[in-house]
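Hi,

Here is the structure I promised to pass on. Have a look at it first, and then read on for my notes.

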Amino acid sequence: MAKEIKKKDIIIIGAGMAGLTAALYAGRMNLSVLVLENALVGGQIANATGIENYPGHKVIAGGDLIATVQQQAESFGAEVDEFDPIERVDLTKSPKIVETEGCIYEADVVIIASGMNRRKLPLPEEAKYAGRGVHYCELCDGHMYQDKVIAVMGGGNAAVDAANFLTKYASKLLLIHRSQLKADTVSQERLKKNEKATICLNTEIESLHGDGKLETVTVIDKTTGQEQEVAVDGIFVNIGVIPNTELFKGQVEMDENGRIIAGEDCRTNLPGVFAAGDVRVKEIRQLTTAAADGTTAALLAEQYLSRMRQE
Amino acid sequence: MVKVYSITTCPWCEKVKKYLKSKNVEFEEHNIELSEEDREECYKISGDLIVPVTTVNGKDFVVSFDKAKLDALLGL
C-alpha cells in the first residue's frame, strides 16, 4: 500500500531541547509543525539525573524538564511523533521530503536538531559484554549494580555526573579517564568528596574479561605503563558523543567530524534547511545554547516561509 | 500476557510503555526495583543486566525499545 503524503510547514528532526524549543516557537507562530524523533524525546538529557545550570530551575531531572517543554510545544499545536522512524530525507528540492516508516511528509522547511549519540566503547569485546557489564544508560541499568563495583569511563560533565549518580548503587565506584577531567568543578568536587569514589586519571581500559558477563578489566596507567587487572561488575561508558547526521550525508555540508556547518543563524548550505543544537558546528554545547539555537532556527524559518510565500 | 520489566526512572522503559499504550496493548508492569523476584525473573529471561525487557507469553522477549521486534512479536 502506498504511503500517505502529508504536508507541513516545518518538519523538525529531533526532539531534544533544540528541536522542541523550535517547535514551541513555530507553534506559537501558527505554523504547522511536526517533530520526529527516532530515539528518546529529550535526547542526551533524557538520561540526565539532575540539571543544575538551566536558568529557572535550581535542579531538575532531564526527563522532567523536557516533558514540560514538550507540553509547551504541544499546547501551541506542534505534534511530536516518537514512534514513526525516519527512513530517508531529500532536502535538496522544494518541498523537502521526509519519508518515515508510515508516511511521506512534504515541508517547506526542515530544522535538523538530531543531536548526538553516545560513543561506544572502542574495544573488540564491546559487543560480547553489551548489556552484560557494558552499559550506556545509567538511569535504566544502574539499579542492576546494587552493592557492586561500578566503573564509569570518561572525564566530561556527563561522565562525572553519571559517576555521582551511580555512587548511590555502587559499593565502590571507579572513574576511569585517559587524561585530566574536563567536567565542571562543582561536579568534580562532589565526586571527590564521596567515600565510595576513586578517580583514576591518565588511565585507560585495555580489555574486558568475564565468563558470560563482565568480571574484570585490564587497565593501563599511561604515565607509568603499568598494567593491572581490576574486578569490575559494570562499566558505564561516557567517552563522548558523535553527531547523529547519517541521514543527511551527501546533502547538507558537514565538517570532518560529521557536524553540520551552519552559523549562529542556523542556516545550512541548503535554502530552507536549518541546523540547531549540538548537531551544528559550534564551540559551546549546552542546554541553554540548544534552546537558543531552536529559537533562532524557528524565527528565521518563519521569515523564510513568509518571503517564499510572497514571491 | 505482555509483561514489561522496568524501573521507575528509566526513559527507555517509559518509551516502551507509551508505545504499548498507543497501540492499545494491555500489559503488566513489573518494577524490578520493588521486587527481588521480578529482578531475578528479568535477568533469567534475557540474560542481560538491562531494562526494559518486554515478554510475550512468558517466553519471547524484546530488550530495550526495538519497534520492529515489538511489532513482530505483538503482531502490530
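In this predicted model, Glu204(A) sits opposite Ile220(A), a residue of strand 13 of chain A. The two strands involved there, strand 12 and strand 13 (residues 216–221) of chain A, pair in the antiparallel sense over six bridges. They belong to an open sheet of three strands with the order 12-13-14 in chain A, paired antiparallel. Strand 12 (203–209) and strand 14 (227–231) of chain A are at the edges with a single partner strand each, so one side of each has no neighbour in the sheet. On average, neighbouring strands of this sheet are turned by 30° against each other, direction ignored.

Chain A also has an open sheet of five strands, in the order 8-15-9-10-11, and here the pairing is parallel. Its edge strands, strand 8 (134–135) and strand 11 (197–200) of chain A, each pair on one side only. Further in, strand 9 (residues 149–153) and strand 10 (residues 172–176) of chain A pair in the parallel sense over five bridges, and Ala151(A) stands opposite Leu174(A) of strand 10. Helix 5 (residues 157–166) of chain A lies across strands 9, 10, 11 and 15 (234–237) of chain A, and runs at about 165° to strand 9.

Next, helix 2 (residues 62–75) of chain A. Its 14 residues reach 20 Å from the first C-alpha to the last, close to the 20 Å expected at 1.5 Å a residue. Which of its residues are buried? They are Gly62(A), Gly63(A), Leu65(A), Ile66(A), Val69(A), Gln70(A) and Ala73(A). Looking down the axis of helix 2 of chain A, these buried residues fall within an arc of 160°, so they line one face of the helix. Asp64(A), Gln71(A) and Ser75(A), on the other side of helix 2, are exposed. The cover over the buried residues includes helix 1 (17–28) and strand 3 (79–81) of chain A, together with helix 1 (11–22) of chain B. Just after helix 2 of chain A, Gly77(A) takes a positive phi of about 95°.

That brings me to the interface between the chains. Here 16 residues of chain B are in contact with 17 residues of chain A. On the side of chain B that touches chain A, helix 1 of chain B gives the most, with six residues. That side of chain B divides into ten nonpolar, two polar and four charged residues.

Best wishes

Conventions:
Residues numbered from 1 in each chain as written. Chains lettered and ligands numbered in written order. Predicted model: local features only at pLDDT ≥ 70, side-chain atom pairs only at ≥ 80, totals over all residues. Pairing = 2+ DSSP bridges. Helix = DSSP H or I, 4+ residues; strand = E, 2+ residues; numbered from the N terminus. Axes fitted to C-alpha atoms, helices over the stretch in contact; angles between N-to-C directions. Expected span 1.5 Å × (residues − 1). Buried ≥ 20, exposed ≤ 12 C-beta atoms within 10 Å, placed from the backbone. Arc of directions from axis to C-beta. Contact = placed C-beta atoms within 7 Å. Nonpolar A, V, L, I, M, F, W, Y, C, P; charged D, E, K, R; others polar.
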